[in-house]
Amino acid sequence: MDVGRIVTFKPFASSARMRELMAGYFRDLNRAALEGRPKIAWCSSVGPAELLLSLGYAVFYPENHAAMLGATREARKTIPVANAAGYSPDICSYLTSDIGAYLRRETPLSKVYPEIVTVPRPDVLVYNNVQCRDVQEWFSWYGREFAVPVLGVATPRNIAAITPELLAGIAGQIRALVPPLEKIAGRRFDIDRLRAVMSLSRDGSEMWKRVLEANRVRPAPLSFFDAAVHMGPAVVLRGTEEVLAYYRVLLREVEGRVARGEGAVEGERFRLYWEGMPIWGKLRDLAEFFIGLRTNIVASTYCNSWIFESGDLADPFLDLARSSAGLFIAWDEDAKERYLRDMAETYGVHGFIFHDAKTCPHNSNNRYGLPGRLEKATGIPTLTIHGDVNDLRCYSEDQTRTAIEAFIERLEEG
Ligand code: SF4
């Protein structure tokens, strides 16, 4: 295969604004921790962040922190520390890298913002276990460590259909969080404030969706690897004006590329879909590798996970429940297959890559025959690669590159 190895990264000018936004977010959190106000809530990525924001909490997302540990490869040092403390190498490496970093009294934030010496001490931890049990165990560890309350929402998984009963059950649990959260915040809950935060959050999510959907054209203006970085504000700043403004700016830049016929990968030959978690410590290496193959990963379930399903806000708790149950990770195999078929058509993909993340079975969707069923139904080839979100001991660079090259050869042969 002679496709050349011309690696041409095309950074987005908006990245500078994103860095400013993220810096402001982390510095505000650090200030809140030092001054003791506003109160700080740690929240799982799914939320219910909007409820916490409406009550005035500064919100910190441990999953985002864990991804930083993976991307900076600090996780290599921190995972073994959590393993030694009794947390198995087989469980979520977000959990082990994050707890290990805390035990080492380290945070990757210090490298970028020297005034931040530690993660902000929580006043409360709030999780939604829609994604997995690990997030609950992770937050419970910190609850014991800081002697603060841990509150949770239990969302059913393997959902075949989103029914009113299902939504009512989740909404009831979220509503039940209000009294303890009011008490910790020292502030009364205001349903209109929640609606306002949710409205902003939905607008931001919609703008993020428009950014991702720009990739329907050929050549695609951004790659999965760009999107995995640019989704930072969608994760940690949702429900704010800044995030909406940021995605407007990014969208303009992306649309400029579309208008000029400029792809993220020069000479785009193949368009792939990434299913599963990123391999954070190899993001850049893989991005360059795919550029060399003139192949772009044009869509992913991961980056789409921050597009939240939404209805009207008459009952905002019901709408928060809809976001939770509307997540791909919560669905059964048939619903997942339908979604992936739809994505393949929308983005015109030539192949699917499934990432089997060793320590994240919950978000490794290759394990119950889905790639085979998908391939049979669509005729689109699939490839499973083995790795992990943060634990690079589970990843073989040589094997992965060989497998991807063989896959591209298969696509070339048609
Ligand atoms: S979904 Fe996977 S990566 Fe995320 S917290 Fe659960 S096990 Fe960890």
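Which residue in strand 6 does W274 stand opposite? The residue is S300, in a model that is predicted, where local features need pLDDT of at least 70, side-chain atom pairs count only at pLDDT 80 or more, and totals for chains, interfaces and linings use all residues. Residues are numbered from 1 along each chain as its sequence is written.

Strand 5 and strand 6 run parallel and are joined by five bridges; two strands pair if DSSP finds at least two bridges between them. Helices (H or I, at least four residues) and strands (E, at least two) are DSSP runs, numbered from the N terminus. Strand 6 covers residues 295–300, and six of its six residues are buried, so the rest of the structure largely encloses it. Buried here means 20 or more other C-beta atoms within 10 Å of the residue's own, exposed means 12 or fewer, and partly exposed is in between, with C-beta atoms placed from the backbone.

On to V265, which sits in the loop between helix 13 (241–260) and strand 5 (270–275). V265 is buried, with 24 other C-beta atoms within 10 Å. Setting aside neighbours within four places in sequence, V265 touches P219, S223, F290, I291, R294, T295 and N296; contact means that the C-beta atoms of two residues, placed from the backbone, lie within 7 Å.

Next comes an open sheet of four strands, in the order 2-1-3-4 and with parallel pairing. Strand 2 (58–60) and strand 4 (150–153) are at the edges with a single partner strand each, so one side of each has no neighbour in the sheet. On average, neighbouring strands of this sheet are turned by 25° against each other, direction ignored. Strand 1 (residues 40–43) pairs with strand 3 (residues 124–128) in the parallel sense over three bridges, and C43 has V126 in strand 3 as its bridge partner. Helix 7 (residues 134–146) packs on the sheet, touching strand 1, strand 3 and strand 4, and its direction makes about 175° with that of strand 3. Axes are lines fitted to C-alpha atoms, for helices over the stretch in contact, and angles run from 0 to 180 degrees between N-to-C directions.

Helix 3 is mostly covered, with nine of its 10 residues buried. Among those buried are P62, E63, H65 and M68. The buried residues of helix 3 pack against strand 1, helix 4, helix 5, helix 7 and helix 14 (283–292). Just after helix 3, R73 has a positive phi of about 65°.

As for the domains, the assignment gives domain 1 (20–189) and domain 2 (194–412), with bounds from an automatic or database domain assignment. Their centres, taken over C-alpha atoms, are 23 Å apart. In all, 45 residues of domain 1 are in contact with 41 residues of domain 2. The side of domain 1 that touches domain 2 has 28 nonpolar, 11 polar and six charged residues. Ala, Val, Leu, Ile, Met, Phe, Trp, Tyr, Cys and Pro count as nonpolar, Asp, Glu, Lys and Arg as charged, and the others, Gly among them, as polar.

Both domains also supply the shell around the ligand, with at least three residues from each. Seven nonpolar, three polar and one charged residues make up this shell.
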